[in-house]
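Have the sequence and the 3D view ready.

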Amino acid sequence: MTPLERRSVDLRDISVSLVTTYPPTRCGIGRFSHSLVSAWRRTAPNARVGVARIAATDTATAGQDVELIFDPSSPVARRSAARRLSQSEAVILQHEYGIYGPDDGIAVIDLVQRIEAPVVSVIHTVLPAPTPRQREIIERLGRAGTLVLLSKVARDQLLQNHDVDPSGVAVIPHGSSWVARGWVPRPRRRKLITWGLLGPGKGVERALHALARLRLDPPVTYDVVGQTHPNVLARYGQEYRSSLESLSRDLGLQDRVRFVDRYVVDDELEMMVSDADLVIVPYDNHEQVSSGVLTDAVAIGKPVVATAFPHARELVGAGSGRMVSHEPGAIAAAIEELLTDDDSYARAAARAAELSPTLSWNGVAAAYLELIRSRTSVVA
């Protein structure tokens with residue numbers, strides 16, 4: 001049976017395998033997949049869900065969720081993994097160019113072609129100007145099964161730059177386990193937060209310059225939460241973090257900016273974000289089509305100030321905050337408006353709360369199962 005053949009399975013007892021990075025690996029895709037698996041445990045307890053964890057050097061044993069650990073850059077490991085994955089009734093593969101080995105991870109194509117089960121590929125990065133090899137990878141994944149994009153703008157961009165059948169491309173949003181708690185007015189909104197793995201491209205330096213322009217009393221504080229990205233740490237050490245700390249001192253912000261240099265577990269992070277007034281997402285990237293940080297911020301009901309990357313245009317542009325240019329002055333003006341204007345803040349918080357249920361991981365998990373059902377003749 002080829003991956004494109006449709007098979008009839010019972011949704012109540014379906015077996016699904018995920019190909020992905022996974023905890024204890026600390027990365028966005030690993031967190032995404034762990035959240036998806038947890039949601040399936042809640043919403044479809046009879047489904048059998050297993051993880052084929054991508055880990056080039058990790059020797060950890062498999063656990064409750066992880067049934068297989070393999071190095072996708074190894075031909076032998078790919079063949080063995082494909083045999084195991086073919087025993088599932090559907091395979092959901094997380095795709096990012098950096099996780100399947102060298103040459104943009106083109107080895108993923110060999111893996112997918114060996115899997116004798118329907119494959120759904122979740123595309124986490126859509127490049128506006130892909131190289132020929134990058135374009136080939138996405139187009140061959142599209143021919144091998146269904147593609148899932150995390151935002152409408154990502155789908156539009158993919159279809160614009162790749163030769164894939166639009167009928168085989170679906171949109172299922174990035175999920176969040178956080179929920180909006182409702183806005184309780186407080187007289188002095190002053191707390192800003194940014195979080196995620198830290199490295200060049202996060203734009204924290206422009207947020208610091210924006211903060212230095214604010215003259216509110218009491219002064220605004222800013223938490224930058226998250227450890228340095230492991231790839232950045234391995235190549236450059238703490239150079240970027242040190243530059244931000246130095247900039248903070250040069251701007252006279254050392255008493256108002258806190259750098260939390262560690263991996264913060266979800267429960268603690270949720271408390272930190274709940275305690276903040278405003279989320280700042282000042283990314284350099286003009287083309288980012290999906291952001292888990294942005295999704296969580298809106299899901300928890302916090303107004304956002306974000307640079308105008310595509311996913312921000314989709315979520316923040318819907319009224320849940322302010323989209324701004326990359327200029328610190330524009331960022332500062334948006335922050336000051338939302339911190340000092342009760343009506344503006346209340347409208348943004350209400351819109352975020354309205355969007356929150358659409359971003360629930362339970363709903364996202366159900367959407368994946370429905371996609372499997374619709375694309376593989378699953379019998380509900």
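How many aromatic pairs does the structure hold? There are three aromatic pairs, counting Phe, Tyr and Trp rings (the six-membered ring for Trp) with centres within 6.5 Å.

## About the model

This is a predicted model, in which local features need pLDDT of at least 70, side-chain atom pairs count only at pLDDT 80 or more, and totals for chains, interfaces and linings use all residues. Residues are numbered from 1 along each chain as its sequence is written, and side-chain values use heavy atoms, leaving out hydrogens and water.

The protein chain has a mean pLDDT (the predictor's confidence in each residue, from 0 to 100) of 90, with 93% of its residues at 70 or more.

## Aromatic pairs

Take phenylalanine 32 and tryptophan 361: their ring centres are 5.1 Å apart and their planes stand at 80°, so the pair is edge-to-face (planes over 60 degrees apart; under 30 is stacked, the rest tilted). The pair joins helix H1 to helix H15, across 329 residues (helices are DSSP runs of H or I, at least four residues; strands are E, at least two). Both phenylalanine 32 and tryptophan 361 are buried (under 20% relative accessible area, 1.4 Å probe, protein chains only).

The rings of tryptophan 178 and tryptophan 195 have centres 5.9 Å apart and planes at 45°, so this pair is tilted. Tryptophan 178 is buried, as is tryptophan 195.

Note on methods:
Buried < 20%, exposed > 50% of the residue type's maximum accessible area, 1.4 Å probe, protein only.
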